[in-house]
Amino acid sequence: MKILIIEDEVLLADSLKSLLEKKGFEVECVYNGEDGVTFAETGIYDLLILDIMMPKMNGYEVTRKVRAKHLGTPILMLTAKSDLEDEIEGLNVGADYYLTKPFDSRKLLACIHALLRRQGEQVNELTVGDTTLNLSNSTLSCGVNNVRLSSKEFDVMRYLMSSPKQIHPKEMILCRVWGFNSNAVENHVEVYVGLLRKKLKHIGSNVRIEAIRRLGYIMEVNQP
């Protein structure tokens with residue numbers, strides 16, 4: 001799960017990042033509202049945690065812009081503004097939860113897990129053709145055959161299967177799987193696509209990952 005923290009207090013942002021990484025999350029931080037919108041609009045994050053009072057663009061406006069792009073990413077506002085009117089405004093512009101500073105880390109983690117569970121309840125598996133990806137145990141199945149995927153294999157396959165009729169540029173796969181600020185290169189995508197092709201063949205899947213020259217990858221189903 002990838003989390004983006006948008007917080008101008010660098011020490012707080014970095015301490016949150018450290019806390020969440022210890023809990024197994026992948027976390028990136030930006031320190032102003034404009035960068036927050038730029039990163040959030042990539043659509044690669046499972047949760048946004050943001051402050052309200054920030055330079056360049058406040059948290060309300062960040063939330064409005066994210067929702068205007070029809071992104072359903074859960075948003076947790078984490079702020080010192082504790083008045084009821086502030087909370088109401090935050091929820092009205094599209095935040096999913098409003099937590100005031102100072103906060104207990106246990107409550108923060110409970111809020112995060114609740115928001116992510118709410119997302120996860122929508123679907124527990126993805127299916128393309130005769131092949132299913134179980135999101136709870138990272139297993140790729142076709143009939144009675146199945147194979148476990150590594151963490152990166154799972155992330156790439158999940159991304160491709162989420163929109164199987166769409167062409168996915170390598171750059172977007174890099175952002176979604178390795179992170180916006182990662183040093184990974186397009187060759188990493190090619191390597192993992194190659195591994196997934198072998199595993200699809202191994203389980204007898206009728207699904208293939210096609211490379212579209214200069215555009216990216218698309219999932220296609222072999223017709224009988």
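This is a predicted model: local features need pLDDT of at least 70, side-chain atom pairs count only at pLDDT 80 or more; totals for chains, interfaces and linings use all residues.

Me: What is the cut-off behind the word "buried"?

Reply: A residue is called buried under 20% relative accessible area, exposed over 50%, and partly exposed in between. In the protein chain, 46% of the 224 residues are buried.

Me: Which residue does Glu153 pair with?

Reply: In general, side chains of opposite charge can pair when their charged atoms come close. Here Glu153 forms a salt bridge with Lys199, and their closest N and O atoms are 2.8 Å apart. Glu153 belongs to helix α6 (residues 151–162) and Lys199 to helix α8 (residues 186–202), so the bridge ties together parts 46 residues apart in sequence. Lys199 is partly exposed, at 21% relative accessible area.

Me: How many salt bridges does the structure hold?

Reply: It holds twelve. One of them joins Asp51 to Lys101, with 3.6 Å between the closest N and O atoms. Asp51 sits in the loop between β3 (47–50) and α3 (59–68), and Lys101 in the loop between β5 (97–100) and α5 (105–120), so this pair connects parts that are 50 residues apart in sequence.

Me: Are Asp51 and Lys101 buried or exposed?

Reply: Asp51 counts as buried at 3% relative accessibility. Lys101 is buried too, with a relative accessible area of 17%.

Me: Which residues are linked with Asp51 and Lys101 in a network of salt bridges?

Reply: Glu7 and Glu9 are linked with them in that network.

Me: What does a salt bridge between two strands look like here?

Reply: Take Glu220 and Arg208, whose closest N and O atoms are 2.6 Å apart. Glu220 lies in strand β11 (residues 216–221) and Arg208 in strand β10 (residues 207–212), so the bridge ties together parts twelve residues apart in sequence. Glu220 is partly exposed at 28% relative accessibility, and Arg208 is partly exposed at 29%.

Me: How should I read a backbone angle?

Reply: Most residues other than glycine have a negative phi. Lys56 is not a glycine, yet its phi is positive, about 75°.

Me: Where does Lys56 lie, and is it buried or exposed?

Reply: Lys56 is in the loop between β3 and α3. With a relative accessible area of 61%, Lys56 is exposed.

Me: What can be said of the phi of Ser138?

Reply: Ser138 has a positive phi of about 60°, and it is not a glycine either. Its place is the loop between β7 (131–134) and β8 (139–142). Ser138 is buried, at 19% relative accessible area.

Me: How many helices and strands does the protein chain have?

Reply: The protein chain has eight helices and eleven strands. Its radius of gyration is 19 Å, close to the 17 Å that the globule rule gives for 224 residues, so the chain is as compact as a globular protein of that length. Its C-alpha atoms fill a box of roughly 60 × 35 × 30 Å along the principal axes.

Me: What share of the contacts joins residues at least 24 apart in sequence?

Reply: Counting contacts between residues at least 6 apart in sequence, 55% join residues at least 24 apart.

Me: And what makes up the accessible surface?

Reply: The surface comes to about 11,600 Å², and carbon and sulfur atoms account for 49% of it.

Note on methods:
Residues are numbered from 1 along each chain as its sequence is written. Side-chain values use heavy atoms; hydrogens and water are left out. Helices (H or I, at least four residues) and strands (E, at least two) are DSSP runs, numbered from the N terminus. The radius of gyration is taken over C-alpha atoms; the globule rule is 2.2 Å times the number of residues to the power 0.38. Buried means under 20% relative accessible area, exposed over 50%, partly exposed in between (1.4 Å probe, protein chains only). Contact means heavy atoms within 4.5 Å. Accessible areas come from the Shrake-Rupley method with a 1.4 Å probe; for residues, only the protein chains shown count as cover. A salt bridge is a side-chain nitrogen of Lys or Arg within 4 Å of a carboxyl oxygen of Asp or Glu.
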